Amino acid sequence: MSELTTAQPTGTPTWIDLGIPDLDRAMAFYGALFGWEFEVGPEETGRYTMCLLRGKPVAAIMPNLDPGATDFWWNLYFATDDCDATVAKAVDAGGSVLAGPMDVMDQGRMAIVRDTTGAQFGLWQAGAHLGSEIVNEPNSLLRNDLVTPQPGPARDFYAATFDYVLDDNPDMPGADFTFLRRPDGHEIGGIFGDPNAGKSRWTTLFQVADADEAARRAVEAGGTAAEPFDMVYGRLAVITDPFGAEFEVGSPKAS
């Protein structure tokens, strides 16, 4: 188990949320897929709904604020101990601010930023809300990677914004993949250069006990799933929820 009781270091993926058109349908889908329970927020917070595993928040879903939206994705938030200072570094590196910095009641301070390749991400300075309190175990967040047709500018931007160390990946010699590491050496994700990517976007990978079983549950719950496949680090399946939001699930390879 990987339960967190303190805020993550700056530059670590710490929270994810998803805005969708139908909250009830989303709770039914993700509850069936991951076994999550839900704590629906009040109208004054836009019904921002906590997704709970063993009673602890692991993610959030909410009705999309744009009734005309047709593109949905899991939003990634990086931890920061100073939201305003990290926003300033992102802007200096060529990024743009889409929202904030702003206080979210007593929960924390946040901003939404767009990087130099067009990918969007959030920043979260923890207050009462730490972020995901369970990670790296089945039915919780495992990792995030940036998929982009512009890996060079992306590497420059994130290294400047979060002081990441950039490392090649010897396990995937045929891929343009760069590990992102915090200054203390901890790997937080990576940048995958894909010239065929239609846009730059941070991906979300949830750990599951069995990728094949999770793909089956996703289809039964009203989503779609590509055929699971083995790669160097495990067995993965690409899932699309009933609203078109795409994410991955991963489990260890079968022995």
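This is a predicted model: local features need pLDDT of at least 70, side-chain atom pairs count only at pLDDT 80 or more; totals for chains, interfaces and linings use all residues.

Biologist: Which peptide bond is cis?

Modeller: The one from Gly100 to Pro101, with omega near 0 degrees. Pro101 sits in strand 6, residues 96–104; strands are DSSP runs of E, at least two residues, and helices are runs of H or I, at least four, both numbered from the N terminus.

Biologist: Where is Asn139, and is it buried or exposed?

Modeller: Asn139 is in the loop between strand 8 (120–126) and strand 9 (140–148). Its relative accessible area is 18%, so Asn139 is buried (buried is under 20%, exposed over 50%, partly exposed in between, with a 1.4 Å probe and protein chains only). Asn139 also has a positive phi of about 75 degrees, although it is not a glycine.

Biologist: Switching topic, how many salt bridges?

Modeller: The whole structure has 18, counting a side-chain nitrogen of Lys or Arg within 4 Å of a carboxyl oxygen of Asp or Glu.

Biologist: What does Lys89 pair with?

Modeller: Asp163, at 2.9 Å from N to O. The two are 74 residues apart, with Lys89 in helix 2 (residues 83–92) and Asp163 in the loop between helix 3 (151–162) and strand 10 (165–168).

Biologist: And which residues form a network with Glu213?

Modeller: Arg216, Arg217 and Glu220 are linked with Glu213 by salt bridges.

Terms used
Residues are numbered from 1 along each chain as its sequence is written. Side-chain values use heavy atoms; hydrogens and water are left out.
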